[in-house]
Amino acid sequence: MRYYGISLAVLLLDQVTKWLVLDRMKLYESIPVVDGIFYITSHRNRGAAFGILQNQQWFFIPVTLIVVAVLIYYLWIFRRARPLASWSFSLILGGAVGNLIDRIRMGEVVDFLDFQLINYPIFNVADSAIVIGVALFILDMIKNPAKETGNRFSEVRDGR
């Protein structure tokens with residue numbers, strides 16, 4: 001259950017921060033946190049990462065629902081045998097659901113974390129959780145490579 005709690009915490013943090021931006025800022029308003037480096041900027045994204053595939057909600061919503069189902073399944077399978085993978089799936093799940101809620105509710109995702117020093121695309125808490133989750137999953141794959149013989153899932157289920 002702790003991994004679902006992590007997902008819920010990510011989801012709540014994501015939704016609260018987006019609500020604050022929607023409630024207290026005008027679209028495209030930018031508040032300097034560290035002038036010239038980091039800003040809170042009210043922005044919307046109707047696409048995926050880096051704004052690709054704009055206005056393709058018909059694609060994003062069903063794909064995200066499938067990803068969420070797969071993540072829940074993997075969390076169940078790996079919950080005891082692979083804690084790092086479970087952490088990664090938890091973060092990705094929370095982030096995916098956070099952005100999914102925006103897409104269903106508004107047809108776009110609220111972004112606001114704006115690192116201008118490196119001219120990086122504006123993002124949000126959900127995006128951060130997804131990126132960290134993917135990085136942890138890659139680390140887990142490096143630390144626990146699949147054995148060339150045998151089935152990875154049967155090994156996990158059998159506790160090996």
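**Exercise 1. Work out which residues Ala85 touches, leaving aside residues up to four places away in sequence, and whether Ala85 is buried or exposed.**

Solution. Bear in mind that this is a predicted model.
- Start with the partners: once residues up to four places away in sequence are set aside, Ala85 touches Phe78 and Asp140.
- Now place Ala85 in the fold: helix H3 is where this residue sits.
- Take Asp140 next. It is 55 residues from Ala85 along the chain, yet 5.9 Å separates the two C-alpha atoms.
- Last, check the cover. Ala85 has a relative accessible area of 0%, so it is buried, given that the cut-off for buried is under 20%.

**Exercise 2. Find what lies 3.0 Å from a polar side-chain atom of Ser90.**

Solution. 
- Ser90 is in helix H3, which spans residues 83–106.
- Its relative accessible area is 0%, so Ser90 counts as buried.
- Look around its side chain: the backbone oxygen of Tyr3 is 3.0 Å from a polar atom there.
- Then widen the view. Not counting residues up to four places away in sequence, Ser90 touches Tyr3, Ile6, Ser7 and Leu75.

**Exercise 3. Say how far apart the C-alpha atoms of Tyr74 and Phe89 are, and classify Tyr74 by its accessibility.**

Solution. 
- Tyr74 belongs to helix H2, residues 57–78.
- Along the chain, Tyr74 and Phe89 are 15 residues apart, and their C-alpha atoms are separated by 7.5 Å.

**Exercise 4. List the residues that make the nonpolar surface patch of about 630 Å², then look up Val34.**

Solution. 
- The patch is built from Val33, Val34, Ile37, Phe115, Leu117, Ile118 and Tyr120.
- Val34 is found in strand E1, residues 30–34.
- With 41% relative accessibility, Val34 falls in the partly exposed class. Patch members need over 30%.

Methods. Residues numbered from 1 in each chain as written. Predicted model: local features only at pLDDT ≥ 70, side-chain atom pairs only at ≥ 80, totals over all residues. Heavy atoms only, no water. Patch = residues over 30% accessible without salt bridge, like charges linked within 9 Å, V, L, I, M, F, W, Y side chains within 5 Å. Areas by Shrake-Rupley, 256 points an atom, 1.4 Å probe, with all protein chains shown as cover. Salt bridge = Lys/Arg side-chain N within 4 Å of Asp/Glu carboxyl O. Helix = DSSP H or I, 4+ residues; strand = E, 2+ residues; numbered from the N terminus. Buried < 20%, exposed > 50% of the residue type's maximum accessible area, 1.4 Å probe, protein only. Polar contact = N/O pair within 3.5 Å; in protein donor to acceptor, adjacent residues only side chain to side chain. Contact = heavy atoms within 4.5 Å.
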